[in-house]
Amino acid sequence: MFDLKKTVAGLTIMTGMAVTVPAWADDGIVRHSAGKFPIASSIEVPAGASTIYLSGMGAPVQDKKADPHTIAAYGDTQAQTFAALRRIQDELKKLGLGMGDVVQMHIYMVDDPKLGKLDFDGMMKAYTQFYGTDKQPALPVRSAFGVARLANPGWLVEIEVTAARMPLK
C-alpha cells in the first residue's frame with residue numbers, strides 16, 4: 001500500500017544526499033556542495049596541481065572626475081565587487097586560467113556609509129554574476145569578512161583568490 005509519509009521521508013533523505021554528493025571536474029578537482037548557497041563547502045585539489053595566489057584587488061576607478069580616495073570614485077559595494085572580480089578575471093586570463101580555476105576566495109568588506117552596515121546583498125548580486133551560473137558552475141570555497149578599513153579609503157571591497165592549475169596531460 002502507498003504510504004505518503006514514508007514516500008516524503010524517503011524523498012527528503014535522497015534530496016539531502018544529493019546535496020552532499022561531490023562534483024568532480026574533468027581536471028580532477030573535487031568540489032563539495034554547500035547546498036543552494038553559491039559557494040563550495042570544501043574543495044580537494046589533487047597532488048601535482050600548481051597553486052596560484054592573486055593579491056587582493058579592489059575596483060579600479062569608475063568615475064575619473066571623483067577624488068580617487070572616495071567611494072564616489074569606485075561606486076557602491078555591488079559595483080566595486082563586480083569591478084574587482086572583473087580585474088581578477090583579467091589577471092587569471094593572463095595566466096591562462098579562468099574563474100572556474102579559483103578554489104578559494106576571501107572577500108574583505110567595510111560598512112557602506114550610506115547603509116551604516118556591510119552591503120552583503122550587493123556583494124552577492126555581483127558575485128553571482130561570476131559564480132553559480134550555467135556558464136560557470138565551478139564554485140570556490142569562500143569567506144566574507146567585515147573589516148574596520150581597507151588600504152584605499154574609497155574601497156568598500158577587496159578580494160583575494162587562490163587558483164589551481166592541473167598539470168598538462
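The model is predicted, so I kept local features only at pLDDT of at least 70 and side-chain atom pairs only at pLDDT 80 or more, while totals for chains, interfaces and linings use all residues. Residues are numbered from 1 along each chain as its sequence is written, and side-chain values use heavy atoms, with hydrogens and water left out.

I looked up strands S2 (residues 30-33) and S3 (residues 40-44). They run antiparallel and are joined by four bridges. Strands pair if DSSP finds at least two bridges between them. Strands here are DSSP runs (E, at least two residues) and helices are runs of H or I (at least four), numbered from the N terminus. Arg31 has Ile43 in S3 as its bridge partner. Six residues separate S2 and S3 in the hairpin. In the turn, Gly35 has a positive phi of about 95 degrees.

**Asp101.** I then went to the loop between helix H3 (77-94) and strand S5 (102-109), where Asp101 is found. Asp101 is buried (under 20% relative accessible area; exposed is over 50%, partly exposed in between; 1.4 Å probe, protein chains only). Does Asp101 have a salt bridge, or no salt bridge? Asp101 has no salt bridge (a side-chain nitrogen of Lys or Arg within 4 Å of a carboxyl oxygen of Asp or Glu). The nearest side chain of opposite charge is Arg31, 6.0 Å away. Lys and Arg count as positive, Asp and Glu as negative; His and the chain ends are not counted. Leaving aside neighbours within four places in sequence, Asp101 is in contact with Thr162, Ala163 and Ala164 (heavy atoms within 4.5 Å).

**Rings.** I searched the whole structure and found three aromatic pairs. Rings of Phe, Tyr and Trp (its six-membered ring) pair if their centres lie within 6.5 Å; planes under 30 degrees apart are stacked, over 60 edge-to-face, the rest tilted. Phe82 and Phe130 form a tilted pair, 5.1 Å centre to centre, with 50 degrees between the planes. Phe82 is in helix H3 and Phe130 in the loop between helix H4 (120-127) and strand S6 (141-146), 48 residues apart. Phe82 is partly exposed at 26% relative accessibility, whereas Phe130 is buried at 6%. Tyr108 and Phe145 count as stacked because their planes are at 15 degrees, with centres 5.1 Å apart. Tyr108 lies in S5 and Phe145 in S6, so the pair ties together parts 37 residues apart in sequence.

**Charge over a ring.** Arg142 lies over the face of Tyr127, at 4.5 Å from the ring centre. I required NZ of Lys or CZ of Arg within 6 Å of the ring centre and within 35 degrees of the ring normal.
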